Amino acid sequence: MKKAVLIYNPSSGKELASEYKDRVVEVVTSMQYEVEVKETQGPKDATRFAAQACEQRVDFVIGMGGDGTINEIVNGLAEQQHMPLFSFIPLGTVNDFARALGIPLDPEEAIEALKVGKEQRADIGKLGNDYFMNIVAIGEIASKVADTSIESKTRLGPLAYLLEGTKAILQDNEVSMKISYDEGEWEGDITLVLIALTNSVGGFERLAPDAEVDDGFLHVFIIHESGIPGFLRVGTKLLQGKIAEDDGVDYIRTKKVHIETSQELFCNVDGDEGTCTPVDIQVLAQHLRVLVPEKLENN
């Protein structure tokens, strides 16, 4: 019988993950897999469990948690000799990767969708020695959002990110940055840089309308507009799917970037604090084998 591993974070989904665990096991077992369950207890547990699954040549890895947990699992799967099929049940505040892949945001629907899934290749990004599947943000706003507590995320949902981001905007901090990419260089003062693999960032699904999960490119948005009025204008363009057209934003499509800043900045990687600048980032094209719903409904 084929082998599967369920890796889940018990603190995700307003701490309801344990209630869904048995149903996931039931569904995956009905798909003719023998399922082993792994519960995370601390940082990087999900990465370790996913890497072990690759070493043991497990056929299917299922994650259950928010974007941070799914990011850890991707880090365990990345660049392994054996790449199992992968899917996940989104239980986070924003669930950007699920949005991009068309995985239902309702946990019960996502569990049922496993039965009728099809394999889809998906890009991931590599940042230094770490990996991401959705977004890297660099700037004071990104650092503030990374500091959002688990308690605030659980209690306030997406509002928690908005509140922390607003605090940083009010401080009006700009940083000098140099970005080297496939076709040249960009240099200047920035408020925020977003390096996206998909169209969904922070729950907004129109950041990069033309981005596909398997297109093999990084979509880089350099926001050099500062202050509340400028951000309101950029935010309006974001909601319209036209952020790249704003005068306060430069857009680059590339396979790799090298970023240097005038002061050390932490990178917000898939919603959590990652490494700091300077940093090299590249895309690993069509790297993951992901099980996604055959029919994309309720998304």
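How many cavities of 30 Å³ or more does the structure hold? The structure, a predicted model, holds two of them; a cavity is a set of points on a 1 Å grid over the protein atoms alone where a 1.4 Å probe fits but cannot get out. The model's local features need pLDDT of at least 70, and side-chain atom pairs count only at pLDDT 80 or more, while totals for chains, interfaces and linings use all residues. Residues are numbered from 1 along each chain as its sequence is written, and side-chain values use heavy atoms, with hydrogens and water left out.

The largest cavity contains about 40 Å³ of space, a volume being the space filled by probe spheres set on the grid points. Its lining (residues with an atom within 4 Å of a point) includes Ser87, Phe88, Leu291 and Val292. Strand 16 (279-293) gives the largest share, three residues; strands here are DSSP runs of E, at least two residues long, and helices are runs of H or I of at least four, numbered from the N terminus. The lining comprises nine nonpolar residues, two polar and no charged.

Elsewhere, six strands form an open antiparallel sheet in the order 12-11-10-7-14-15, where two strands pair if DSSP finds at least two bridges between them. Strand 12 (249-254) and strand 15 (272-276) are its edges, each pairing on one side only. Within this sheet, three bridges join strand 7 (residues 135-138) to strand 14 (residues 266-269), and isoleucine 138 is partnered by cysteine 267.

Helix 4 (residues 67-77) is largely enclosed by the rest of the structure, because ten of its eleven residues are buried, that is, under 20% relative accessible area with a 1.4 Å probe, protein chains only.

Technical notes: Buried < 20%, exposed > 50% of the residue type's maximum accessible area, 1.4 Å probe, protein only. 1 Å grid on protein atoms, 1.4 Å probe; cavity = no way out; pocket = protein on both sides within 12 Å on 5 of 7 lines; lining within 4 Å. Nonpolar A, V, L, I, M, F, W, Y, C, P; charged D, E, K, R; others polar.
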